[in-house]
Every structure is written in structure tokens, then in C-alpha cells.
Amino acid sequence: VEVQHHHAHIASVMAEHQLDGSEPVIGFAFDGTGYGSDGAVWGGEVLIADYHGYERASFLRYVPLVGGDAAVKRPYRLALSHLWAAGIDWDDRLPSVQASSSVELDIIRRQLETGLNVVPTSSMGRLFDAVASLTGVRHTVTYEAQAAIEFEALAVSGDQGSYTFELNDDDFDAGPVIHAVVNDTLSGVAVGVISARFHRAVADLILNLSIKMRRRFGLPVVALSGGVFQNVTLLSQIIGLLRDAGFTVYYHRLVPPNDGGLALGQAAVAAANR
């Protein structure tokens with residue numbers, strides 16, 4: 001039985017909480033990399049899902065992933081892609097631009113213009129990596145999510161404000177967030193404040209999307225899965241926001257939210273469809 005990667009994530013958290021699948025959930029599958037049914041690299045998915053199937057109700061608007069794994073290991077490339085997608089010049093004052101040589105910048109720009117060795121991605125995990133590089137936290141990594149983890153660790157507490165994603169009919173766009181991060185970085189705003197604002201922006205995004213999906217589908221239950229939800233700062237914020245808005249929230253406590261938990265979701269879907 002073939003089970004789509006992000007469907008397995010949502011089924012995993014459903015199975016952990018012993019949901020019978022009689023009612024679909026609003027599933028947020030936010031991770032670094034997962035193969036999508038359209039051939040793109042997914043990772044910022046909103047799925048209306050049960051054990052029998054799913055509908056992709058919304059997703060992070062695609063940005064170009066230059067060079068595949070090379071970009072994952074070099075978050076400054078992810079940052080350059082997000083700048084390009086948002087229509088922002090590669091300002092020499094930005095840490096991500098400084099991290100790349102002029103020759104590499106020319107090559108990456110040419111790849112983005114021509115689509116050579118470029119694949120579209122909706123990955124939320126890669127967005128975290130890109131913002132970590134934009135703010136100068138880390139430009140190369142030696143393990144998965146290193147840049148995002150270090151970026152989270154710098155977030156200051158208290159109300160620091162927020163950024164805002166653009167919600168569209170079919171997707172949501174990180175472009176306004178990238179613009180705001182760049183402006184704050186160039187204005188000398190502390191990285192810890194930028195990190196706090198970015199985390200709150202993602203939490204607000206999940207809340208707003210959940211409200212949108214509740215109105216559209218009449219569903220009161222949200223399920224959170226994928227490696228992004230190992231981020232305690234984000235998870236603690238979104239649980240409170242969703243519960244205050246009247247949602248029932250399921251998230252991982254025993255099963256890993258990252259790909260370590262996929263097998264449970266795969267088994268649950270296979271059992272329901274045998």
C-alpha cells in the first residue's frame with residue numbers, strides 16, 4: 001500500500017491518540033523534505049485527512065530549491081531562493097549574500113532564471129533554515145535542522161510583535177515575511193527579536209489557517225505533525241492559540257513528530273485500506 005509522506009505524518013498523530021478516523025482532521029504536516037504527489041518537494045502542507053485519504057487544502061507557496069541536497073546543506077542558498085521568489089534584491093549587506101562568492105551568486109541566479117537543476121518546494125522547514133541564514137545565524141549545516149534549531153534557541157521571550165504571511169485561496173505566501181525579516185535585519189534589529197517575531201508569525205499562520213478550514217469544512221480538530229513541530233517555542237505558542245480559539249489539538253507526545261514516526265502512520269493507513 002502506497003502512503004503519501006505527509007498523509008502518513010497526520011495519520012501518525014491520529015493513531016498515537018487512538019482516533020478512529022470517523023471524522024477527518026485539519027492536519028498540519030510541516031517538515032523539511034517529503035516527496036509530493038505532484039513531483040515537488042513538499043513540507044508546508046495543510047491536509048484534510050483521515051486514514052482513508054486526504055485533500056491538500058493549502059500549502060506554502062512554492063519557491064525554487066537550487067541544487068537539491070546542496071541547498072539543504074547550505075541554507076544561504078535557501079535564503080537566496082526566498083529572496084528571489086519575493087522579488088528582493090540580493091543586497092550585499094545581507095549575511096546570506098555575504099556567505100556566497102560572486103561566482104556562486106552568478107551561477108545560482110542563472111539557475112533560478114533558467115530552472116536548471118531546480119525543483120519547487122513548499123517546505124516550512126527550509127523556510128526556517130532560510131530565515132536563520134538571512135539573519136546571520138548559520139549558513140552551512142552538518143545535521144538536519146541545525147540552522148532552525150539554533151535560530152529557535154535565540155528567540156527572546158515576551159511580546160515582540162509578529163510578521164504576517166499572505167493567505168490566498170489555494171496557498172499561503174512567505175514573501176511578506178521575508179520582506180519584513182530583511183528590513184529588520186538591515187535596520188539592526190536583534191536576531192533574538194526577529195526569531196521571536198518569526199515564530200509568532202508561523203503560530204499565527206497556523207491559527208488563521210485553522211479558522212479558515214473550520215469555516216470551510218466544519219471541522220473542530222487540528223493535528224500537528226512533522227519535524228517542524230519538534231520546535232518547542234512554536235509548539236507551545238500554537239497549542240495555546242488553537243485551544244483559546246476552541247479547537248481540539250492533537251500533537252505528538254510518545255511518537256516522534258519527525259520521520260521517525262512515519263511508520264505508525266503508514267501502518268494505520270494500510271490497515272484502514274486493506
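The structure is a predicted model, in which local features need pLDDT of at least 70, side-chain atom pairs count only at pLDDT 80 or more, and totals for chains, interfaces and linings use all residues. Residues are numbered from 1 along each chain as its sequence is written, and side-chain values use heavy atoms, with hydrogens and water left out.

The protein contains 11 helices and nine strands. Both are DSSP runs, numbered from the N terminus: helices are H or I with at least four residues, strands E with at least two. The C-alpha atoms fill a box of roughly 55 × 40 × 35 Å along the principal axes. Of the 274 residues, 55% count as buried. Buried means under 20% relative accessible area, exposed over 50%, and partly exposed in between (1.4 Å probe, protein chains only). Contact means heavy atoms within 4.5 Å. Among contacts between residues at least 6 apart in sequence, 72% join residues at least 24 apart.

Helix H7 spans residues 146–153, and its buried residues are Gln146, Ala147, Ala148, Phe151 and Glu152. An α-helix has 3.6 residues a turn, so residues three or four places apart point the same way. The cover over the buried residues of H7 includes helices H3 (75–85), H6 (124–134), H9 (191–217) and H10 (232–244).

H6 packs against H7 at an angle of about 65 degrees, with the axes 8 Å apart. Axes are lines fitted to C-alpha atoms, for helices over the stretch in contact, and angles run from 0 to 180 degrees between N-to-C directions. The crossing of H6 and H7 is left-handed. A crossing is left-handed if the near helix is turned anticlockwise from the far one by less than a right angle, and right-handed if clockwise. H6 contributes Phe128, Asp129, Val131 and Ala132 to the contact, and H7 contributes Ala147, Ala148 and Phe151. By class, six of these residues are nonpolar, none is polar and one is charged. Ala, Val, Leu, Ile, Met, Phe, Trp, Tyr, Cys and Pro count as nonpolar, Asp, Glu, Lys and Arg as charged, and the others, Gly among them, as polar.

Ala145 is found in the loop between H6 and H7. Its phi is positive, about 70 degrees, although it is not a glycine. Ala145 is partly exposed, with a relative accessible area of 26%.

H9 has 27 residues and reaches 38 Å from its first C-alpha to its last, close to the expected 39 Å. The expected span is 1.5 Å times one less than the number of residues. Gly218 follows H9 and has a positive phi near 70 degrees. H9 and H10 pack at about 35 degrees, with axes 9 Å apart. Their crossing is right-handed. By class, this contact has eight nonpolar, four polar and two charged residues.

His5 lies in helix H1 (residues 5–16). It is buried, with a relative accessible area of 17%. Gln18 lies in the loop between H1 and strand S1 (25–35). Gln18 is exposed, at 72% relative accessible area.
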